[in-house]
Amino acid sequence: MMRMIVLVAGAAAAMTTPARAEDMVSLDIYAIPSAPLVASVDRASAELAASGMQTFRMRGQAVHATLYLTRYPASAIPRLKKAVAALAKRRASIPLAVDGIDRTANNWLFLHLARTPALQRLADEATLAGEPLRDRSLAPPAWMSAYPAKLPAFERYGSPNVFMQFDPHLTLLANEANPALGTFASAPDGHRFDAAGSVVGIGIGEVDANGQIVRTVAEYRFKR
């Protein structure tokens, strides 16, 4: 589970600090989940709200599944949009399923997504589409010293969470202090929010230090 906190907090936070005079922006190429997956987030959000916890969804932030998150020069955004649009044009909808709940040691909470070959391929293609345009000056964050196996991926792709390190999820909470989180996460039915749906498109979003979308740059719905 610790790798999940690495995926969201470490990567996003490390990418939100500009490295030089040119404007830099943390951008997430993400999968757009279909209605049944969003409904699963809504059900989990309602249960958490009953115990005084407010999910990102309840704060109005979009439900999304990160495919490739890194930092870019702002000037690269038009080219990134073109690359992601081209990827979406040649792709069709693929299955997407929630298959459990993940809680980290730092009290992040996720709905875990099944890592299917089709979803892995989509994430790999998103990485290859976005990587050539990324900020090459991005230094590894300090936490990566504890995860040396991730360093080669970071140095090559600007993200430690690509290819074999890909761990798909939908984020509910970050650094939650409410002690009721333990009761929620340890409930006997750990699959009560399982749901089957699909990826209906891909998008680009500017994200905050928690990896949550603060501005939608573009979304591209699959035609098939």
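These exercises work through strands, helices and single residues of a predicted model.

Local features need pLDDT of at least 70, side-chain atom pairs count only at pLDDT 80 or more, and totals for chains, interfaces and linings use all residues. Residues are numbered from 1 along each chain as its sequence is written, and side-chain values use heavy atoms, with hydrogens and water left out.

**Exercise 1. Strand β6**

Task: Find which strands pair with β6, and in which sense.

Solution: 
- Start with the terms. Helices (H or I, at least four residues) and strands (E, at least two) are DSSP runs, numbered from the N terminus. Two strands pair if DSSP finds at least two bridges between them.
- Take β1, residues 24-33. Seven bridges link β1 to β6 (residues 195-207), in the antiparallel sense. Proline 33 has valine 199 of β6 as its bridge partner.
- Take β3, residues 94-103. β3 and β6 run antiparallel and share five bridges. Here valine 98 is bridged to alanine 195 in β6.
- Take β7, residues 213-221. β7 runs antiparallel to β6, with seven bridges. Glycine 203 faces glutamate 219 of β7.
- Look at the turn. The hairpin of β6 and β7 has five residues between the strands, and glycine 211 has a positive phi near 75° there.

**Exercise 2. Serine 198**

Task: Decide whether serine 198 is buried or exposed, and list its contacts.

Solution: 
- Serine 198 is part of strand β6.
- Apply the cut-offs. Buried means under 20% relative accessible area, exposed over 50%, partly exposed in between (1.4 Å probe, protein chains only).
- Serine 198 has 16% relative accessibility, so this residue counts as buried.
- List the contacts (heavy atoms within 4.5 Å). Beyond residues up to four places away in sequence, serine 198 touches Ile32, Pro33, Ser34, Leu37, Ser93, Ile94, Pro95 and Leu96.

**Exercise 3. Helix α2**

Task: Check the span of α2 and locate its buried residues.

Solution: 
- The expected span of a helix is 1.5 Å times one less than its number of residues.
- Helix α2 covers residues 35-49. Its 15 residues should span 21 Å, and the end C-alpha atoms lie 20 Å apart, which agrees.
- The buried residues of α2 include Leu37, Val38, Ser40, Val41, Ala44, Ser45 and Leu48. They lie on the same side of α2, because their arc around the axis is only 150°. That arc is taken from the directions from the helix axis to the C-beta atoms.
- Among the elements covering them are β1, β3, β4 (109-113), β5 (169-173), α6 (180-185) and β6.

**Exercise 4. Helix α4**

Task: How many residues of α4 are buried, and what covers them?

Solution: 
- Helix α4 (residues 117-130) has 14 residues and reaches 20 Å from first C-alpha to last, close to the 20 Å expected.
- Of those 14 residues, 10 are buried, so α4 is mostly covered. Among them are Leu119, Gln120, Leu122 and Asp124.
- The cover includes β1, β2 (65-73), α3 (77-89), β3, α5 (151-157) and β6.

**Exercise 5. Two more residues**

Task: Describe the setting of alanine 180 and of proline 141.

Solution: 
- Alanine 180 sits in helix α6. At 22% relative accessibility, alanine 180 counts as partly exposed. Apart from neighbours within four places in sequence, alanine 180 contacts Ser51 and Met53.
- Proline 141 belongs to the loop between α4 and α5. Its relative accessible area is 13%, so proline 141 is buried. The C-alpha atoms of proline 141 and phenylalanine 154 are 9.8 Å apart, with the two residues 13 apart along the chain.
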